[in-house]
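Reader: Could you take a close look at one part of this model, the packing of its helices, and describe it in a connected way?

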Amino acid sequence: MTRPCAPPSNREATATGKPESGADGRMGHSTMIARDKVAAFLMAHRGRYFCEPCLGRAVGIDPSTGHRAATRIARAGGFVREYGVCSECGESRLVTRAPC
Ligand SMILES: [Zn+2]
């Protein structure tokens, strides 16, 4: 997999105390947590901006979970949160996007 700009590989597993890839080595979609879903979605739509409700709807989580997920990936994963126009709903509000 070639990426022009790879995301930071430092997961915040140590920060949360919850290792995301267990010793069993299973990393299926079912084990993806909201934060990972949001991060993966944003990386897949790099260059677009998404507000929290749209992010939540896109990955199938509720808006409050979307808010927490967006806040965390911005802090730990290098994602950018800023005021802008959501690429999905067109609202001018706090949006999140993938780095570079
Ligand atoms: Zn939106």
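Author: A crossing of two helices is called right-handed if the near helix is turned clockwise from the far one by less than a right angle, and left-handed if anticlockwise. In this predicted model, helix H2, residues 34–44, passes helix H4 in a right-handed crossing. The axes of H2 and H4, the latter spanning residues 63–77, lie 9 Å apart and meet at an angle of about 70 degrees, which makes H2 roughly perpendicular to H4, since angles of 65 to 115 degrees count as such. On the H2 side the contact is formed by Ala34, Arg35, Val38 and Ala39, and these meet Thr65, Gly66, Ala69, Ala70, Arg72, Ile73 and Gly77 of H4. Sorted by class, the residues of this contact comprise six nonpolar, three polar and two charged.

H4 also packs against helix H3, residues 52–59, with an angle of about 105 degrees and an axis separation of 8 Å; H3 and H4 are therefore roughly perpendicular to each other. Here Glu52, Pro53, Leu55 and Gly56 of H3 make the contact with Pro63, Thr65, Gly66, His67 and Ala70 of H4, and the classes are four nonpolar, four polar and one charged.

How values were computed: Residues numbered from 1 in each chain as written. Predicted model: local features only at pLDDT ≥ 70, side-chain atom pairs only at ≥ 80, totals over all residues. Axes fitted to C-alpha atoms, helices over the stretch in contact; angles between N-to-C directions. Helix = DSSP H or I, 4+ residues; strand = E, 2+ residues; numbered from the N terminus. Parallel < 35°, antiparallel > 145°, perpendicular 65-115°, else oblique. Contact = placed C-beta atoms within 7 Å. Nonpolar A, V, L, I, M, F, W, Y, C, P; charged D, E, K, R; others polar.
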